[in-house]
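Here is a short report for a reader meeting this protein for the first time. It starts with the whole chain and then turns to selected details.

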Amino acid sequence: MGKPLIWYTLEGLQKAKISEVIIVQGPARDIEDNLKNYKFETLKIKYIIQDRPKGMGDALFQARNLLKEQFLILNAERFDCQEYIKLILEKRSQQKSRMILAGVRTSNPSLFGVLNLKGDNIRNIVEKPEPGREPSDIRVLGIYFLPKEFIDYYQKVPERKYSFEDALNLYIKEKGAKAVIIRKKTEPLPLKYPWDLFGAERNLFDTFLKRRISKSARISKKATIEGNVYIGKNVKIFENAVIKGPCYIGANCVIGTNALIREYTNLEENTIIGANAEVA
């Protein structure tokens with residue numbers, strides 16, 4: 001919808017009344033570049049470079065000098081973080097636990113880190129357990145409330161792909177941790193594989209998309225536009241084209257004669273859909 005995906009995560013953090021954010025990015029500084037034209041009124045954003053993609057633990061380690069005594073760490077695609085952060089902070093105020101992890105029920109535990117639980121106490125995390133050997137069906141959601149002393153535990157574990165999880169387990173073993181279990185009818189979406197973008201898009205459309213037709217758009221009187229549709233500047237829509245919302249059409253797009261654009265289609269700016277084409 002015309003914005004980098006991480007914009008939605010930052011918007012969620014802002015709504016959760018978070019005021020300071022550290023973004024860990026690669027040497028190309030592509031995240032910083034993608035966000036340079038966006039302003040967040042109540043967020044102070046700092047950027048840290050991770051020279052090589054050595055995992056989540058190393059990314060956190062690079063930011064160690066900017067961390068305060070307690071902090072949240074999020075997967076970048078947690079667009080829905082606002083509601084979960086509220087639950088985590090409520091848990092913190094009730095029990096004063098220094099480490100709290102958000103968990104959610106999953107139908108595919110072998111794809112994730114899974115919590116071994118006793119009540120709301122976390123015994124340990126099992127990363128991608130073999131089918132039939134899962135300690136539970138509660139996976140780690142990707143939002144962690146951690147103390148700064150966690151960095152010391154990270155430095156104690158061997159450097160490997162799952163060193164972040166190793167450090168979590170070491171801390172849990174010595175100091176303990178609590179879980180906040182998210183109760184939802186549908187499992188919150190991960191962004192683990194390329195095809196997960198389709199589910200993420202549906203979620204973002206349902207949450208953020210607002211109907212708007214730019215005054216500069218040129219739309220044939222014979223075209224049909226149904227439902228919640230965003231049409232940007234200088235869009236051209238020709239005769240007998242049909243657009244079924246929810247749908248996003250960015251600036252300078254062209255929709256040809258007799259084209260059919262189905263629900264949940266996202267067309268970024270300068271896209272051309274030819275005559276008699278169907279997009280789904």
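Two residues are in contact when heavy atoms lie within 4.5 Å. With that cut-off, take the contacts in the protein chain between residues at least 6 apart in sequence: 50% of them join residues at least 24 apart. The model is a predicted one.

## The whole chain

The protein chain has 280 residues, and 43% of them count as buried. It holds seven helices and 20 strands. The accessible surface comes to about 15,400 Å². Carbon and sulfur atoms account for 48% of that surface.

## An open sheet

Four strands form an open sheet in the order β11-β14-β17-β20. Their pairing is parallel. Which strands stand at the edges? They are β11 (224-226) and β20 (278-279). Each has a single partner strand, so one side of each is left without a neighbour in the sheet.

The partner of β11 in this order is β14, which covers residues 242-244. Three bridges join the two strands, and they run parallel. Within this pairing, Glu226 stands opposite Lys244 in β14.

## Aromatic pairs

A search of the whole structure finds 12 aromatic pairs. Two of them are set out below.

| Pair | Distance between ring centres | Angle between planes | Class |
|---|---|---|---|
| Tyr8 and Phe208 | 4.8 Å | 55° | tilted |
| Phe61 and Tyr154 | 5.9 Å | 40° | tilted |

Why do both count as tilted? Planes under 30 degrees apart would be stacked, and planes over 60 would be edge-to-face, so the angles in between are tilted.

Begin with Tyr8 and Phe208. Tyr8 lies in helix α1 (residues 5-15), and Phe208 lies in helix α7 (residues 196-208). The pair therefore ties together parts that are 200 residues apart in sequence. Are these two residues buried or partly exposed? Tyr8 has 3% relative accessibility, so Tyr8 counts as buried. Phe208 is partly exposed, with a relative accessible area of 22%. The cut-off for buried is under 20%.

Both residues also belong to one aromatic cluster. Its members are Trp7, Tyr8, Phe40, Phe79 and Phe208.

Now the other pair. Phe61 lies in helix α3, and Tyr154 lies in helix α5 (residues 150-156). This pair ties together parts that are 93 residues apart in sequence. Phe61 and Tyr154 are both buried.

## Around helix α3

Helix α3 spans residues 56-62. Loops lie on either side of it. One of them runs between β2 (44-49) and α3, and Lys54 is found there. Lys54 is partly exposed, at 25% relative accessible area. How far apart are the C-alpha atoms of Lys54 and Ser136? They are separated by 28 Å, and the two residues are 82 residues apart along the chain.

The other loop runs between α3 and β3 (70-74), and Leu66 is found in it. Leu66 is partly exposed too, with a relative accessible area of 34%.

## A nonpolar surface patch

Leu66 also takes part in a nonpolar surface patch. Which residues make this patch? They are Ile22, Val24 and Leu66. The patch has an area of about 180 Å². Patch residues need over 30% relative accessible area, and Leu66 has 34%.

Technical notes
Residues numbered from 1 in each chain as written. Predicted model: local features only at pLDDT ≥ 70, side-chain atom pairs only at ≥ 80, totals over all residues. Heavy atoms only, no water. Pairing = 2+ DSSP bridges. Patch = residues over 30% accessible without salt bridge, like charges linked within 9 Å, V, L, I, M, F, W, Y side chains within 5 Å. Areas by Shrake-Rupley, 256 points an atom, 1.4 Å probe, with all protein chains shown as cover. Salt bridge = Lys/Arg side-chain N within 4 Å of Asp/Glu carboxyl O. Buried < 20%, exposed > 50% of the residue type's maximum accessible area, 1.4 Å probe, protein only. Phe/Tyr/Trp six-rings, centres within 6.5 Å; stacked < 30°, edge-to-face > 60°.
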